[in-house]
Amino acid sequence: TQGRGFWILDDMTPLRHVSNAPDDDLRIYPVRTATRSSAQQGAGHYRRDHVFGAMLPTAMKAQNPPEGATFYFSVPEGLGSRAQLRIREADGDSVRTFPTVRIEPGLNRFTWNLRYPGSSQGGAAARAVPGLYSVEIEAGDHTAQAEFEVRMDPRLAEEITVADLQAQFDFLMDARARLNELGDALAGLRQVREEAGEHTANTSIATVRSAAIEVERTLTAVEQSLIQTEGAGFANPSRLRSHIQFVMTAASAQRGEYLDARPTEQLSERLGDLEVELDATLIELERVYSDELGELNERLREAGLDEIEAPPVRRRRVVS
């Protein structure tokens, strides 16, 4: 009847370890094991409960414990209002840094959603593979550290293993690297095209203007291979960035809704094809910098004008 309710204390760890003595140092309480589960928190009439898995009307879904690893830490007076929090893997490699965590004297709480940094170009971010991790908090000249464990969702099918989740992680990190390469190339070509456009609009020297127009044209063609510059539709199919984003989403949301599994052979094959296509596009970008931009720079030198510097093109060589 919705007429009854219960209050549940999600984590009693701070109460179990609290001391009557006043804390005069930064302190992290023992971190409870985090479960790698997936919640459906989007807007709509129904939402999935990430604890029990049921689809519930939004109005009936109460607040659950935050999804991820939750850190409780106490802060003494005089350490300011901001702290830096860093997550590390068991071997010490940095996972993620939160440079400006808001703090206040007394008990504080911070939740990491188990996700690694994503790409500025979009796509699904990889989540922590089950295993051991550590958290470090720095506030003023005080530092505190604690270890914690990430475990698999016990509701996953028995055939899903940690090795499968590692394969999913590797797939997403590889795809993220490709998106980052694409984003760097996109930023570089746009900067060069903008500088060439200034000569197209402002120069009265015919040879310079003609060469600048050609640089703009060829760079725009490369851009249109990397991203969708106009609206979607049959006349303007999606481009490389959209395709890489799609395989990342597919690899992180298989077997129904928001469930984990090893990427399929088809996804791995498709990502390989996209890597080859991206590499070919970046090779073409290098050619434009060498030829069309090289021609423009020669005309600029003849006119006594500053040349346009070609940015480096970062790419992983792949074999088709």
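This is a predicted model: local features need pLDDT of at least 70, side-chain atom pairs count only at pLDDT 80 or more; totals for chains, interfaces and linings use all residues.
1. A residue is called buried under 20% relative accessible area, exposed over 50% and partly exposed in between, with a 1.4 Å probe and protein chains only.

2. Residues are numbered from 1 along each chain as its sequence is written, and side-chain values use heavy atoms, with hydrogens and water left out.

3. Aromatic pairs. Rings of Phe, Tyr and Trp (its six-membered ring) pair if their centres lie within 6.5 Å; planes under 30 degrees apart count as stacked, over 60 as edge-to-face and the rest as tilted. A search of the whole structure gives six such pairs. One of them joins Trp 112 and Tyr 133, whose ring centres are 6.2 Å apart with planes at 65°, so the pair is edge-to-face. Helices (H or I, at least four residues) and strands (E, at least two) are DSSP runs numbered from the N terminus. Because Trp 112 lies in strand β8 (residues 106-112) and Tyr 133 in strand β9 (residues 131-139), the pair ties together parts that are 21 residues apart in sequence.

4. Trp 112 also pairs with Phe 148: the ring centres are 6.4 Å apart and the planes stand at 80°, so this pair is edge-to-face. Here the link runs between distant parts of the chain, from Trp 112 in strand β8 to Phe 148 in strand β10 (residues 142-152), 36 residues apart. Both Trp 112 and Phe 148 are buried. Together with Phe 71 and Tyr 133, they form one aromatic cluster.

5. Nonpolar cores. A nonpolar core is a set of buried Ala, Val, Leu, Ile, Met, Phe, Trp, Tyr and Cys residues joined through side-chain atoms within 4.5 Å. The largest has 69 residues, of which Phe 71, Trp 112, Val 135, Phe 148, Leu 226 and Leu 296 touch the most other members. Helix α2 gives the most to this core, with eleven residues. A second, separate core has five residues, including Leu 156, Ile 160, Leu 165 and Ala 261.

6. Contact means heavy atoms within 4.5 Å. Leaving out residues up to four places away in sequence, Leu 226 touches several residues, among them Leu 182, Leu 186, Leu 240 and Leu 278. Gln 168, in helix α2, counts as buried at 3% relative accessibility. On the same exclusion, its contacts include Arg 36, Asp 260 and Pro 263.

7. Helix α4 (residues 240-252) has 13 residues and reaches 19 Å from its first C-alpha to its last, close to the 18 Å expected at 1.5 Å a residue, where the expected span is 1.5 Å times one less than the number of residues. Leu 240, Ile 244, Val 247, Met 248, Ala 251 and Ser 252 are buried in α4. They cover an arc (of directions from the helix axis to the C-beta atoms) of only 130°, which puts them on the same side of α4. Their cover includes α2, α3 and α5.

8. In helix α6 (residues 292-302), the buried residues are Glu 292, Leu 293, Leu 296, Asn 297, Arg 299 and Leu 300. Their arc around the axis is only 160°, which puts them on the same side of α6. What covers them includes α2 (162-202), α3 (206-226) and α5 (265-290). Just after α6, Gly 304 takes a positive phi of about 75°.
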